[in-house]
Amino acid sequence: MSIRRKIATVTVGVAALGAAAVGLGAPPASASPGGCVWGTDACLYYHSNFSGGYNGDGGNDNYFNEWTFAGCSGSPANCDGDGQLVRNNTGAVWNMTGRTVTIYQWWNCWSNGPYLSIPPYTQRSLYGTAVYNSDQSQCFS
C-alpha cells in the first residue's frame, strides 16, 4: 500500500471517529435539554429557594417519567434532587424567556386542573401553590 493511500485511509478513519463522538454527545430529540439557557428555557429547580438540582426546557411539554433534574446549582453540598424526577418534584421556576410559562398539575397543557402562570423573565417559588411538588407539564404563551 502506498504512503498516500495509507494517509487517506487514516484521514477517513479519524473523520469517522470524530463524527461518531459528536453524535454521542447529542441528546435524543425527545429528551429535555437539561441546561438552563437565558432567553430559551424555563428553569425548574428542586428546591423552592432556586437551589438543588435543576432542569431547563423551552418547549410545551409534559414531564415524562424519564425527565430528571440534570444539573446542580451551587456547590456539591447543595445538589439535593439531582437525578430525581422533575415530575411532582419542582419547587421553583425561573422563566428565562420573553414568553409566559404556565405550569400545570395535569399531563397536558390547557387542562381544567390547577396551574400557575409565570410572566417573562420572572422567578417564582412554587411553595404554597397548587402546583408545588405536583407538576406534570408546562406550556408557553
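This is a predicted model: local features need pLDDT of at least 70, side-chain atom pairs count only at pLDDT 80 or more; totals for chains, interfaces and linings use all residues.

Student: What is the mean pLDDT of the protein?

Tutor: pLDDT is the predictor's confidence in each residue, from 0 to 100. The mean for the protein is 76, and 70% of its residues reach 70 or more. Over residues 4–33 pLDDT stays under 50, and the model has 9 contacts beyond four places in sequence for them; a contact means heavy atoms within 4.5 Å.

Student: How many helices and strands are there, and what makes a run count as one?

Tutor: There are 1 helix and 9 strands. Along the sequence the pattern reads α-β-β-β-β-β-β-β-β-β.

Student: How do you know that β1 and β2 pair?

Tutor: Two strands pair if DSSP finds at least two bridges between them. β1 and β2 are joined by 4 bridges and run antiparallel, so they meet that definition. β1 is also joined to β5 by 4 bridges, again antiparallel. Take C43: its bridge partner in β2 is G56, and in β5 it is W94.

Student: What makes you say both faces of β1 are covered?

Tutor: A42 and L44 on one side and C43 and Y45 on the other are all buried. Buried means under 20% relative accessible area, exposed means over 50%, and partly exposed is in between (1.4 Å probe, protein chains only). Y45, for one, has 9%, so it's buried.

Student: Why are β3 and β7 called edge strands?

Tutor: The open sheet of 4 strands has the order β3-β9-β6-β7, with antiparallel pairing. β3 (61–62) and β7 (115–118) each have a single partner strand, so one side of each is left without a neighbour in the sheet. Strand β6 (residues 101–104) pairs with β9 over 4 bridges in the antiparallel sense, and Y104 stands opposite S137 in β9.

Student: Why is the pair of Y45 and F50 called edge-to-face?

Tutor: Rings of Phe, Tyr and Trp (its six-membered ring) pair if their centres lie within 6.5 Å; planes under 30 degrees apart count as stacked, over 60 as edge-to-face and the rest as tilted. The structure holds 7 aromatic pairs. In the one made by Y45 and F50, the centres are 5.7 Å apart and the planes 75 degrees apart, hence edge-to-face. Y46 and F69 also form an edge-to-face pair, with 5.7 Å centre to centre and 80 degrees between the planes. Y46 lies in the loop between β1 (42–45) and β2 (52–57) and F69 in the loop between β3 and β4 (71–73), so this pair ties together parts that are 23 residues apart in sequence. There's also a cluster, made by W38, W94 and Y121.

Student: What makes the phi of F50 worth a remark?

Tutor: Phi is near 60 degrees there, a positive value in a residue other than glycine. F50 belongs to the hairpin of β1 and β2, which has 6 residues between the strands. At 23% relative accessibility, F50 counts as partly exposed. N88 has a positive phi as well, near 65 degrees, and is found in the loop between β4 and β5 (92–95).

Student: How do you know that the charge of R99 sits over the ring of F140?

Tutor: The definition asks for NZ of Lys or CZ of Arg within 6 Å of the ring centre and within 35 degrees of the ring normal. The charged end of R99 is 4.0 Å from the centre of the F140 ring and is listed as sitting over it.

Student: Last one: why is T129 called buried?

Tutor: Its relative accessible area is 19%, so T129 falls on the buried side of the cut-off. T129 is found in the loop between β8 (122–125) and β9 (137–140), and it touches L116 and R124, not counting residues up to four places away in sequence.

Technical notes. Residues are numbered from 1 along each chain as its sequence is written. Side-chain values use heavy atoms; hydrogens and water are left out. Helices (H or I, at least four residues) and strands (E, at least two) are DSSP runs, numbered from the N terminus.
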